[in-house]
Amino acid sequence: MENIKIGCQTYPWKMNQKQFAGDVPHMVKTAAHAGFQGLEAEIGMLGGYFEKPEMTRGILEKHGIQLAALVLHQPWEGEAESKEEEELTRKAISFLKFFPFAKLMVSHHAGTKSREEGKALQKRRENLLSCMNQVAARAGEAGIVTCYHPNSAKNSLFRNKEDYQVLFAMLERTDVGYAPDIGHIVNGGMDALEILKAARGKIRHVHFKDRKADGDWAVMGEGEIDYPGIVRYLEETGYGGWIMVEDESPLAEKDSDGVVRMDGEYMKRFLL
C-alpha cells in the first residue's frame, strides 16, 4: 500500500472523554506505538491544545506522526454560517495552517433535532451544503482541502442509498470533497464498494470502522465488513490519501488505549 497512509481518529478516547480530553501527548504516543502514521483530531479532544498549534505540532513530530485532519462539527442550519459558526471555522483554519496537507473534516452536528422529510429535509440539506461550501472556499484560500463525513444516525440528513444519491449530486456543485465512512455506509443498508465506486471522483479521505451483522460496532477485524477488498479497490484506483480508523466499539469505552492498539495490529497487514 505504497501511497496510502494509515491513521487513527480520536473517537476511541472520546468514549472516555472525561479521562482523555485535552491529553494530546497521551493520545499521540499511544497512536504512534500502535503503528499509526497519523492522527485525526476532534476539536473537543484537543482541549487547550486547540489554541496551541505549534505545541501540538511539536508533540506529533516527537512521535513521528502527522496530523491527518481536524474535525469541525457545526449545526449549519442557516443558508450562511452564523457568527458563532464562522468564528469556530476561522479558528479551525488558523490551526490547520500549521499542518501542511492536513484536511478539514466537516461533520454535521444535528444534536437531537429530528431529520424531517420532504421539502423541509431538502431545505436543511441545501443549507448544510451551502455552509460547508462557504467553509471550503475559506479553507481553500489557505490551501486546505475540506471533506464532508456523513454518518448513519437516525437524524442524519444523509443516511441511506437514496440520500447518498442526493448527496453526491449536491457535492458535485461544491468544492467540498467526500470522506466515506465504511461502517456508516454499511449501517445505512448500503454496499460499501458500490458507494465508493459511485463517488470515487470526490473521495479525499476515508474512515474505517467495523460492524457486526447484528448492527453493533466492532473492533477492526471482528466485524463483517470486507476491508481487504476495500483496500484493494482503493489501491487499484490510485487512491493516495489517508485511511483513518475510527473505532466506536463498546470495548473502546472500557479500554480506549487497548482498542487503539488492537486496531493498529489489524491495520498493519495492509502495510506489508
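1. First, a term: on a 1 Å grid over the protein atoms alone, a cavity is a set of points where a 1.4 Å probe fits but cannot get out, and its lining residues have an atom within 4 Å of a point. The model is predicted, so to speak plainly about limits: local features need pLDDT of at least 70, side-chain atom pairs count only at pLDDT 80 or more, and totals for chains, interfaces and linings use all residues. Numbering runs from 1 along each chain as its sequence is written, and side-chain values use heavy atoms, with hydrogens and water left out.

2. Around the largest cavity you'll find Val 24, Val 28, Leu 39, Ala 41, Leu 46, Thr 56, Leu 60 and Leu 67. α3 (24–33), β2 and α5 (53–62) each give two or more residues to that lining; helices (H or I, at least four residues) and strands (E, at least two) are DSSP runs, numbered from the N terminus. By class, the lining has seven nonpolar, one polar and no charged residues (Ala, Val, Leu, Ile, Met, Phe, Trp, Tyr, Cys and Pro are nonpolar, Asp, Glu, Lys and Arg charged, the others, Gly among them, polar).

3. Have a look at α3 and α5 as a pair: their axes, lines fitted to C-alpha atoms over the stretch in contact, come within 9 Å and cross at roughly 25°. The two are therefore roughly parallel to each other (angles under 35 degrees). Val 24, Pro 25 and Val 28 of α3 meet Thr 56, Ile 59 and Leu 60 of α5, where contact means heavy atoms within 4.5 Å. Five of these residues are nonpolar, one is polar and none is charged.

4. Helix α6 (residues 83–96) packs on helix α7 (residues 118–141) at about 30°, with axes 10 Å apart. That makes α6 roughly parallel to α7. Glu 86, Thr 89, Arg 90 and Ile 93 of α6 touch Val 135, Arg 138 and Ala 139 of α7, a set of three nonpolar, one polar and three charged residues.

5. Finally, the largest pocket (an open set with protein on both sides within 12 Å along at least five of seven lines) has a volume of about 500 Å³. Of its 26 lining residues, His 73, Ser 107, His 108, Asn 151 and His 184 are the closest to the centre. β4 gives the largest share, three residues.

Definitions and conventions:
Points joined across faces, edges and corners; volume = space filled by probe spheres on them. Axes fitted to C-alpha atoms, helices over the stretch in contact; angles between N-to-C directions. Parallel < 35°, antiparallel > 145°, perpendicular 65-115°, else oblique.
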